[in-house]
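Open the model in your viewer and keep the selection panel at hand. The tour goes from one selection to the next.

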Amino acid sequence: MPHHGNEEEHAGEGRDESQKPVIHDNRKVDPKTGQARHPDQERAGDADGGDALSQAEDILNSVDVPAAESVAQGVSAGEAEELKNDLRRLQAEYVNYRKRVERDRAVAGEMAVIGVLNALLPVLDDVDAARQHGDLADGPFAAIAAKLENALKTYGLVRIDETGVEFDPTIHEALIQQPGPDVVTDTVSQVLRSGYKSGDRVLRAAQVIVSVPA
């Protein structure tokens, strides 16, 4: 049976509302407020996974409130200057927050490295014991041990195993004290177990025998 009227009107009745064309308002000036729009601010709000702190700083850096224009709009020069000072203080707070976050990240990274080094200290003790017994004189295991020790040095690991140095309670743990005829101060005569430090942080004090003045 033939249809009467315009067929396009019948087809339009069945369309989904979601298929209507979407109109984007790209005008630079807001028709309601008369204020200029800031595309950078709009993009900052839509970005996924971006650095919100950097975006906020960029927005604050781009904001400028000239006193002359403020007076022309009915705002006093004092109020305009106060607004600029508020923006400067807000920017300074963001900068301080960024520094605090970066410092916390650095501390967290350092603690993670120290945790790994502490976990490997027993392995290094086994390597030392094998070396003292002559098991690491040569061969593949000696090469592996050397690579391990060199790799840990790149993370700041330093061995404490010197003898003939003055006893330092911050890096030495005295297990035995014995008179030494040729010493004038407490001196490390033998290292029973090596100590380790990373930077200024002592991971483990060296266990030593100390010669004391007779």
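Select H5 and H6 to begin: H5 passes H6 in a left-handed crossing (left-handed if the near helix is turned anticlockwise from the far one by less than a right angle, right-handed if clockwise). Helices (H or I, at least four residues) and strands (E, at least two) are DSSP runs, numbered from the N terminus. This is a predicted model, in which local features need pLDDT of at least 70 and side-chain atom pairs count only at pLDDT 80 or more, while totals for chains, interfaces and linings use all residues. Residues are numbered from 1 along each chain as its sequence is written, and side-chain values use heavy atoms, with hydrogens and water left out.

The axes of H5 and helix H6 (residues 140-153) come within 11 Å and cross at roughly 140°. Axes are lines fitted to C-alpha atoms, for helices over the stretch in contact, and angles run from 0 to 180 degrees between N-to-C directions. Now show the side chains at the contact (heavy atoms within 4.5 Å). On H5 these are Leu117, Leu120, Val123, Leu124, Val127, Asp128 and Arg131; on H6 they are Ala145, Leu148, Glu149 and Leu152. The contact of H5 with H6 has eight nonpolar, no polar and three charged residues. In this count Ala, Val, Leu, Ile, Met, Phe, Trp, Tyr, Cys and Pro are nonpolar, Asp, Glu, Lys and Arg are charged, and the others, Gly among them, are polar.

Next, select S1, S4 and S5. These three strands form an open sheet in the order S1-S4-S5, with antiparallel pairing (two strands pair if DSSP finds at least two bridges between them). Strand S1 (157-160) and strand S5 (201-204) are the edge strands, each pairing on one side only. The twist averages 30° from one strand to the next. Four bridges join S1 to strand S4 (residues 195-198), and leucine 157 stands opposite serine 198 in S4. Keep H5 in view: H5 packs on the sheet, touching S1, S4 and S5, and its direction makes about 40° with that of S5.

Move to the other selection, S2, S6 and S3. This open sheet has the order S2-S6-S3, with mixed pairing. Strand S2 (172-180) and strand S3 (187-193) each have a single partner strand, so one side of each is left without a neighbour in the sheet. The twist here averages 25° from one strand to the next. S3 and strand S6 (residues 206-213) run antiparallel, joined by five bridges; look for valine 191 opposite valine 208 in S6.

Last, which elements each supply at least two residues of the lining of the second largest pocket? They are helix H5 (77-132) and S3, and H5 gives the most, with five residues. The lining divides into three nonpolar, two polar and six charged residues.
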